[in-house]
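Visitor: I have a model open and want to learn how to read it. Where do we start?

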Amino acid sequence: MTRIVVIDNHGQFTHLEQRALRDAGVDTELVDNDTPPEEIDADGVVLSGGPDADRAGRSAEFLDIDVPVLGICLGMQIMASELGGRVGSGDYGGYADVTVDILDDDDPLVGSLAPETRVWASHADEVKELPDGFTHTATSDVCGIEAMSDADRDLYGVQWHPEVAHTERGEEVFENFIARCER
Amino acid sequence: MVDTESFIEDAVAEIREEVGDAHAVIALSGGVDSSVAAALAYEAIGEQLTPVYVDTGLMRKGETEGIRDIFSFMESLRVVDAHERFFDALSGVVDPEVKREVIGEQFIREFEREAKDTDADYLVQGTIYPDRIESEGGIKSHHNVGGLPDVVDFEGIVEPVRDLYKDEVREVARALDLEEVVAERMPFPGPGLAVRVIGEVTQEKVEVAREACHVVEEELEEYDPWQAFAAVVGKGTGVKGDNRVHGWIVAVRSVESRDGMTARAQELDWETLQRIQSRITGTNDNVARVVYDVTHKPPATIEYE
């Protein structure tokens, strides 16, 4: 069975990420973000959202363990700043209902949602510049970089929360990610 | 989703094994979680369980009578009238987190007395999964987590629904044939109407909140909200029958949600909103205006405090 662990960055919705994966039928576990990456046996990693990058523990080290990684909200921002992109505060807080435009129909993570999708968000910061090798895959009126992908390295980020009930087609994002993780 | 049949079987077996021939108590709030926990425990150990319901005076209209009714099959049910003691403890308290603490402490005192009186060795709690998460994350302190076990020296704590989400607890409630009113009941916060009045908790404000909540629940039934209620948020000027009124401002909130983690403010039609407004201002002399809250969660939470 495919096994995907969720690295807990103390987000309010972290447990819903675990639930979404459980409901999608994969083996999953919530893992403390101070856990040494070498102790993890998984086919994929979700970096959860959270209140503060200073409480992200060893999250960034999970980018190096050679399995697909999905960064959600803060998880995406950790991915961006660790790999050479830039994170800053947004001009407009992204809360609740946001309509996201998909920029890359072929993207393995969000391409299937094209042309647009309605999501639920909760963030003040956002990714301002992509890291090298990443493609800008989605945008919205309130946040320029809503999603980013590096399909070669199987690293994906979404600024919104696919795990909450109010995000339409959130399950699809997890299914797309699971497809990248399946052995 | 949870497989209710095997869940109930396992939960009952677990409680039976854990508690054995000993006595157990549970604090019954009337909400789905503690009702399901109580029903499972009753199924497992029968009258070895004493359910205790504390009437804090912060309950919804008709709530206490409803509890007596629904749980009349449990002969051991105790209803404690603690109304005055709660209002005394809350006098002068305005900070929302302190309010929760004061209510939690008073509740523990009430419950401690009853628990000691029954000689219970075990505590059954209706803690569900998000309760544990929210308390760990520090967003809001939760009445089900911590507290009780620190003051009463129980041999063990049994939390039969600890791994379930709210929607799953409701599934179990239905499978247990708990009357629909419990299974479908809207979530109601542990501190009750105290967090539906901003600032100090007074008899007057709580009375307004209680009547207004009742109107909102009645009028919005057809919208099938996850949660619908009214809160007393401050004072404003009005004019009633040519007289100036400096009266309460009542905020109406109605949201749809799956699990309470995110919520969407419901779109209500104007006539419904006006009927709510009219009933609340018309039957409460001290209410000057009614407003509707259009904020989703996030950025707002569902309750006001």
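This is a predicted model: local features need pLDDT of at least 70, side-chain atom pairs count only at pLDDT 80 or more; totals for chains, interfaces and linings use all residues.

Visitor: Where is A:E163 found?

Guide: In the loop between β9 (155-158) and α3 (170-181) of chain A. Beyond neighbours within four places in sequence, A:E163 is in contact with A:F13, A:L16, A:E17, A:A20 and A:G170.

Visitor: Which residues does UniProt list for "active site"?

Guide: The unreviewed UniProt entry lists A:C73, A:H161 and A:E163. They are spread over 91 residues of sequence, yet they cluster in space. The largest C-alpha distance is 11.1 Å.

Visitor: Is A:C73 buried or exposed?

Guide: Apply the cut-off again. A:C73 has 27 C-beta neighbours inside 10 Å, so A:C73 is buried. A:C73 sits in the loop between β4 (69-72) and α2 (74-82) of chain A. Its contacts, sequence neighbours within four places aside, are A:G11, A:G49, A:H123, A:Q159 and A:H161.

Visitor: Now helix packing. At what angle do α1 and α8 of chain B cross?

Guide: Angles of 65 to 115 degrees count as roughly perpendicular. The axes of α1 (residues 4-19) and α8 (residues 166-175) of chain B come within 10 Å and cross at roughly 85 degrees. Therefore α1(B) is roughly perpendicular to α8(B). B:T4, B:E5, B:F7 and B:I8 of α1(B) make the contact with B:E171, B:V172 and B:A175 of α8(B).

How values were computed
Residues are numbered from 1 along each chain as its sequence is written. Chains are lettered from A and ligands numbered from 1 in the order in which they are written. Axes are lines fitted to C-alpha atoms, for helices over the stretch in contact, and angles run from 0 to 180 degrees between N-to-C directions. Helices (H or I, at least four residues) and strands (E, at least two) are DSSP runs, numbered from the N terminus. Angles under 35 degrees count as roughly parallel, over 145 as roughly antiparallel, 65 to 115 as roughly perpendicular and the rest as oblique. Two residues are in contact if their C-beta atoms, placed from the backbone, lie within 7 Å. UniProt positions are given in the numbering used here, feature names are shortened, and annotations may be inferred rather than shown by experiment. A residue is buried if 20 or more other C-beta atoms lie within 10 Å of its own, exposed if 12 or fewer, and partly exposed in between; C-beta atoms are placed from the backbone.
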